[in-house]
Amino acid sequence: MTTRSCLSIVLAAGLGTRMKSNLPKVMHEVGGLPLVGHVIKALSAAGSERISVVTGPDMPALEQLVFKMAPMARCYVQTERLGTAHAVLAAKPALEFEADDVLVLFGDTPLVSAGTVSRVRKALENGADLAVLGFETRRPHGYGRLLIENGRLKAIREEKDASDEERRITYCNSGIMGFSGKHALGLLEAIGNDNAKGEYYLTDAVEIANRNGLKVVAVKGTEIETQGINTRAQLASCEADFQALQRRGALENGCTLLAPSTVYFSHDTDLSVDVTVEQNVVFGPGVQVAKGARIRAFSHLEGAQVGEGSVVGPYARLRPGTVLGTDTKVGNFVEVKNATFGAGAKANHLSYIGDASVGSKSNIGAGTITCNYDGYLKHRTEIGAGSFVGSNSTLVAPVKLGNASFVAAGSVITEDVLKDSMAFGRARQTVKEGKAKQLRARLQSAKDAKS
Ligand code: UD1
Ligand code: MG
């Protein structure tokens, strides 16, 4: 790890008109995390100690996200959107406090890795005054082209200003640049807006640096990492690339995916070794699955922890606040929300367990429902260890079932059940001998009389 100081500036003020959205572009999500969140994550992983984010006016959700992910970050507002160089200068107070390295990243380029950020910094450490991360693509449309002469980066030409010949170049600008701190402000302030869009282009820093005899280099990255998101189609294709990366990561970390392309990951899905994921499983944000657990087909999980050796699904839904201990079972058509299951607890079929705790080794019968909501407030159901809740029981919260208690099938439980006790919350059954036969005879004669 280098000892050089680093300031990273993330540009996120653009409205993203090409997205046709009311949401700022960088707040659109990939893997359940806003685009700009991925960039902040990569910077944090690369050890960038000072992060500044340039936002537009009235983007409170963006500022909240930044401070949540990087509490030490600073936000600067670009009041008018006059181009990428103008945006960087919105963070002038941060630039004036000179760092050895100044990195500029775009909030709409989410898949850049910490390793690639470090390679750009390495180029600065090796003596470059300006380092541009480029990539080769067969679809250069919309990107700035890198003009290389005798192996040296001479200029970046934006699509709108490029000649036909320049447009055929396939080596493109990712937007990620590293400046040596002592030249950054001077270069940025020398940029004008004499171009097709009348904007202050960050990319003009390259020509200016060359004119001043500074050392400019291009660092090559991969197309997947450097793709920029300007349209919904690009967002969809970035999501597909992100999912492919997550699936590969899970396989490399020792998970079995029976049909990888049908499993959807969140940016923070955490699967331990020997986890098996069957077909068509969706992981929303905040899921951790411990060793040896199996997530069976068609299950949907978010905000949930699954204990070692547990089996979830098929067709299970785990919602936020679910904590399953070791060797638990949550079976088909069971929904669990804000509830804990102790070791070995089971709810195998057709249940809703919400705002509850289920003690270890307890068994929840098919069709059991915790009635946690009265239309105004939520209430808890507490089920002790080793309990048995018979099928089709309704547990009206707040209610407690003691350890080793037993609820008869079909009960409506409205009062606490003491430990080792049995509760019957249903009408007593009566049987009338021969009554069915009599009834049928009466109904048949009524029908005959009518016809
Ligand atoms: C930019 C680059 C282009 C590069 C491409 C890579 C320039 C002039 N062009 O084009 O060379 O190939 O990215 O994806 O730099 N932003 C602001 N304020 C502004 C304008 C933009 O904060 O006034 C932010 C946007 O929110 C976005 C980023 O800067 O995160 C890039 O802006 P965008 O309009 O997407 O630039 P591109 O046309 O993609
Ligand atoms: Mg862009």
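Which helices and strand each supply at least two residues of the lining of the largest pocket? They are helix H3 (84-89), strand E10 (171-180), helix H9 (223-226) and helix H10 (232-252). Helices (H or I, at least four residues) and strands (E, at least two) are DSSP runs, numbered from the N terminus. This is a predicted model; local features need pLDDT of at least 70, side-chain atom pairs count only at pLDDT 80 or more, and totals for chains, interfaces and linings use all residues. Residues are numbered from 1 along each chain as its sequence is written.

**Largest pocket**
- A pocket is an open set of points on a 1 Å grid over the protein atoms alone, where a 1.4 Å probe fits, with protein on both sides within 12 Å along at least five of seven lines; lining residues have an atom within 4 Å of a point.
- The lining counts 49 residues, and Arg-18, Lys-25, Asp-108, Gly-142 and Asn-230 lie nearest the centre.
- E10 gives the most, with four residues.

**Cis peptide bonds**
- Gly-313 and Pro-314 are joined by a cis bond, with omega about 5°.
- Pro-314 sits in the loop between E20 and E21.
- The bond from Ala-397 to Pro-398 is also cis, with omega near 0°.
- Pro-398 lies in the loop between strand E29 (394-396) and strand E30 (399-401).

**Positive phi**
- Lys-20, not a glycine, has a positive phi of about 50°.
- Asp-355 belongs to strand E24 (residues 346-358) and is buried (under 20%), at 7%.

Conventions
Chains lettered and ligands numbered in written order. Heavy atoms only, no water. Buried < 20%, exposed > 50% of the residue type's maximum accessible area, 1.4 Å probe, protein only.
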